[in-house]
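Subject: Structure handover

Hello,

Please find the structure below. My notes on it follow.

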Amino acid sequence: MSNLLYWVIPVAAVVIIGMLVALRERRPQAPDSSVSDFSRQMSALSKRAVTRNPNDGERKQAV
């Protein structure tokens, strides 16, 4: 069990350090870019919701 700790602790340390470096080095985003992305996605969803199946209003009756 103690031999396993010799592998687990260094791997955990490397993962944590890697995550910290990745978070620190990522490119900053402007607040308005996320707003424009959100607006673009919402307009795409609204266009999708407007298209309707012509048979939606009809009910199928059992024979």
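Start with the surface. Leu4, Leu5, Tyr6, Trp7, Val8 and Ile9 make up a nonpolar patch there, with about 720 Å² of accessible area together. Patches take residues with over 30% relative accessible area and no salt bridge; like charges are joined within 9 Å, and nonpolar side chains (Val, Leu, Ile, Met, Phe, Trp, Tyr) within 5 Å. Accessible areas come from the Shrake-Rupley method with a 1.4 Å probe, and for residues only the protein chains shown count as cover. Leu4 lies in helix H1 (residues 2-25). Leu4 is partly exposed, at 48% relative accessible area.

This is a predicted model: local features need pLDDT of at least 70, side-chain atom pairs count only at pLDDT 80 or more, and totals for chains, interfaces and linings use all residues. Residues are numbered from 1 along each chain as its sequence is written, and side-chain values use heavy atoms, with hydrogens and water left out.

Now the whole chain. It has 2 helices and 0 strands; these are DSSP runs, helices being H or I with at least four residues and strands E with at least two, numbered from the N terminus. Of its 63 residues, 0% count as buried (buried is under 20% relative accessible area, exposed over 50%, partly exposed in between; 1.4 Å probe, protein chains only). The accessible surface is about 6800 Å², and 62% of that belongs to carbon and sulfur atoms.

Last, the charges. There is 1 salt bridge, meaning a side-chain nitrogen of Lys or Arg within 4 Å of a carboxyl oxygen of Asp or Glu. Asp37 and Arg40 form it, at 3.3 Å, N to O. They sit 3 residues apart in helix H2 (residues 31-50), so about one helical turn separates them. Asp37 is partly exposed at 35% relative accessibility, while Arg40 is exposed at 52%.

Best wishes
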